[in-house]
Amino acid sequence: MNGTRIDKWLWAARFFKTREQASKACDMNRITSNNVSAKPSREVRIGDMLHIKNEGGEFDIEVLALSQQRGSAAVAQTLYRETEESKEARRKAAEERKLLGPMAYAAPSKRPTKRDRRLIHSFRGDY
């Protein structure tokens, strides 16, 4: 195998839960390959450097292996190597979020459903 679509690879490496999410991230310029904005159909090859922005943070990785199918998390971690600078930056960001604590809480975007209200009441012990 010479190359794989970048959206398939990101899904197989477990950076995104679905290929659709990986494809949208590419369309929104959240994925760069060798400092070039990547489209979902771009080929990723061994040795490429990727910059990925997702809910988990920002990752700078080197592609070590190719895969077109999603496997276990242990297998997915063998597909890439994260740079030390990236690991350090994510660790610092996690510490900052931890220090902010409850101030970083964002209000929900919608009203709770009937089921959500029941769960809230049972958690509080109102019943």
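These are my notebook entries on a predicted model of a single chain.

**Confidence.** The chain has a mean pLDDT of 90, and 95% of its residues reach 70 or more. I then went through the elements: helix α4, residues 84–100, has the lowest mean pLDDT, at 89, while strand β7, residues 80–82, has the highest, at 95. A reminder to myself: where pLDDT is low, the predicted coordinates should not be read in detail.

**Layout.** I looked up the secondary structure next and found five helices and seven strands. Along the sequence they follow the pattern β-α-α-β-β-β-β-β-α-β-α-α. The radius of gyration is 19 Å, well over the 14 Å that the globule rule gives for 127 residues, so the chain is more spread out than a compact globule. I also noted the span of the C-alpha trace along its principal axes, about 60 × 30 × 30 Å.

**Strand pairing.** I followed β5, residues 49–54, to its partners. Strand β2, residues 31–33, runs antiparallel to β5 and is joined to it by three bridges; here I31 has I52 of β5 as its bridge partner. β5 also pairs with strand β6, residues 57–63, in the antiparallel sense, over six bridges. A hairpin of two residues links β5 to β6.

**Packing and surface.** My last stop was burial. Of the 127 residues, 28% are buried. Among contacts with a separation of 6 or more, 45% come from residues 24 or more positions apart. The accessible surface is about 9,300 Å², and carbon and sulfur atoms hold 51% of that surface.

Terms used: Residues are numbered from 1 along each chain as its sequence is written. This is a predicted model: local features need pLDDT of at least 70, side-chain atom pairs count only at pLDDT 80 or more; totals for chains, interfaces and linings use all residues. Side-chain values use heavy atoms; hydrogens and water are left out. pLDDT is the predictor's confidence in each residue, from 0 to 100. Helices (H or I, at least four residues) and strands (E, at least two) are DSSP runs, numbered from the N terminus. Two strands pair if DSSP finds at least two bridges between them. The radius of gyration is taken over C-alpha atoms; the globule rule is 2.2 Å times the number of residues to the power 0.38. Buried means under 20% relative accessible area, exposed over 50%, partly exposed in between (1.4 Å probe, protein chains only). Contact means heavy atoms within 4.5 Å. Accessible areas come from the Shrake-Rupley method with a 1.4 Å probe; for residues, only the protein chains shown count as cover.
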